[in-house]
Protein chains: 2
Amino acid sequence: MLKQNYPSKLLEDAVDAIASLPGVGQRSALRLALHLLRQPSENVHRFTGAIDRLRDEACYCSVCSMISDGPECSICADRSRDHSTICVVENVRDVMSIENTGQYHGVYHVLGGIISPINGIGPSDLTISSLVQRTAALPPQGEVILALSGDVEGETTSFYIYRQISKFGIKVSTLARGLGFGDDLEYADELTLGRSIANRQIFKV
Amino acid sequence: MLKQNYPSKLLEDAVDAIASLPGVGQRSALRLALHLLRQPSENVHRFTGAIDRLRDEACYCSVCSMISDGPECSICADRSRDHSTICVVENVRDVMSIENTGQYHGVYHVLGGIISPINGIGPSDLTISSLVQRTAALPPQGEVILALSGDVEGETTSFYIYRQISKFGIKVSTLARGLGFGDDLEYADELTLGRSIANRQIFKV
């Protein structure tokens, strides 16, 4: 749809605002704006209020750099978790994905990105220096899990961090790679299948 | 993604708000919320402000029921348009679609929906009575174009309106139906192709 002929400047402004979101085109934005226009006023204000409050009040945890309602996030503040294990992830979504597995009980460190020269992101743009400090303060039985993506940039970042923290003599691990549950051998790429064979595990019933 | 384990109540509220939009799931909502969190504060306030203003200040044109910034919409207020031709459409999006063709210079009447007993929408829920009044006030050379969709509900609504306004002796027309430009005969449904043959037009070069 050409961007023209809006019957109302208010509608046009709202559509432009909504279409500024990533992945939302003019047509979807118009549909969403007309949907919001049909909602009760208090619902719309609850919607915009929640977004304003998120932007104005949410901050980053002073320990792990995760999004938080206060200076320390709920995971870092939870004394029942294992504070000697730090899982290093790229972003908040990764924290939520791991939390949703229910399999991890340590704490996190959110890098806020990944080393990517092509995007102009270097080590100093990430929270690597505070990770080094946290690692230095870990007890001897501590562990750092590098849970970054398996592409070149993720591997580069993992390697960079490993070089910074290996001097502390702490165990450094990375996520297991292999076939996903339910994956077909036929459709797996050679790298994944090769690693799955090399890292094969004892069959347990 | 299961709805759980949000690191921040503020984030959770914003994600819930965004996910309340039609066609937006929890995962997209989280992605959008994190995107908004990364934007400068003033951009986010411009975004929410545009939506608040749309809901609070936009109103409906007292003549044609279109969304408007004031009591009369820009089309109804435009004296250069042909006010003796009224195009009846279901909603605001249809007005914008027709306006974008640049082929129509009359005015509109937005029904605000379509007669649909299955959805509990009857003639009294639509702006049919004001359309009848407008039609009664048309000059003898006036015309009402019923530009409703071609499904059963659209045809029902067109027929209902026709019965209400035919007594005024005004010309009542409907949109031409047929093959779309570039359509393949092979893939056209029988109804459309049949109408295209029945309503064939003189070939002009």
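Residue numbers start from 1 in each chain as its sequence is written, and chains are lettered from A, with ligands numbered from 1, in the order in which they are written. Because the model is predicted, local features need pLDDT of at least 70 and side-chain atom pairs count only at pLDDT 80 or more, while totals for chains, interfaces and linings use all residues.

**Both chains**

Start with chains A and B shown together. The same surface serves both copies, since 100% of the contact residues of chain B recur in chain A. Here, two residues are in contact if their C-beta atoms, placed from the backbone, lie within 7 Å.

**The contact between the chains**

Next, select the contact residues: 50 from chain B and 50 from chain A. On the side of chain B that touches chain A, the elements giving two or more residues are α1 (9-19), α2 (26-38), α3 (41-57), β2 (67-68) and α4 (92-101) of chain B. Helices (H or I, at least four residues) and strands (E, at least two) are DSSP runs, numbered from the N terminus. Which element gives the most to this side of chain B? It is α3(B), with 14 residues. Colour this side of chain B by residue class to see 28 nonpolar, 11 polar and 11 charged residues. Ala, Val, Leu, Ile, Met, Phe, Trp, Tyr, Cys and Pro count as nonpolar, Asp, Glu, Lys and Arg as charged, and the others, Gly among them, as polar.

**The sheet of chain B**

Now select the four strands that form an open sheet in the order β4-β3-β5-β6 in chain B, with parallel pairing. Strands pair if DSSP finds at least two bridges between them. The edges are β4 and β6 (171-174) of chain B, each pairing on one side only. From one strand to the next the twist averages 25°, using lines fitted to C-alpha atoms (for helices over the stretch in contact) and angles from 0 to 180 degrees between N-to-C directions.

Zoom in on β3 (residues 82-89) of chain B, which is joined by five bridges to the parallel strand β4 (residues 106-110) of chain B. V88(B) has H109(B) as its bridge partner in β4(B). Trace the chain from β3(B) through α4(B) to β4(B): this β-α-β crossover is right-handed, meaning that, with the strands pointing away from the viewer, the path from the first strand over the helix to the second runs clockwise.

Four bridges also join β3(B) to the parallel strand β5 (residues 143-146) of chain B. In β5(B), T85(B) is partnered by E143(B), and V88(B) by L146(B).

**Over to chain A**

Select β5 (residues 143-146) of chain A and β6(A), which pair in the parallel sense over four bridges. The partner of E143(A) in β6(A) is K171(A).

Finish at P40(A), in the loop between α2 (26-38) and α3 (41-57) of chain A. Is P40(A) buried or exposed? P40(A) counts as exposed because it has 9 C-beta neighbours inside 10 Å; with C-beta atoms placed from the backbone, 12 or fewer others within 10 Å is exposed, 20 or more is buried, and in between is partly exposed.
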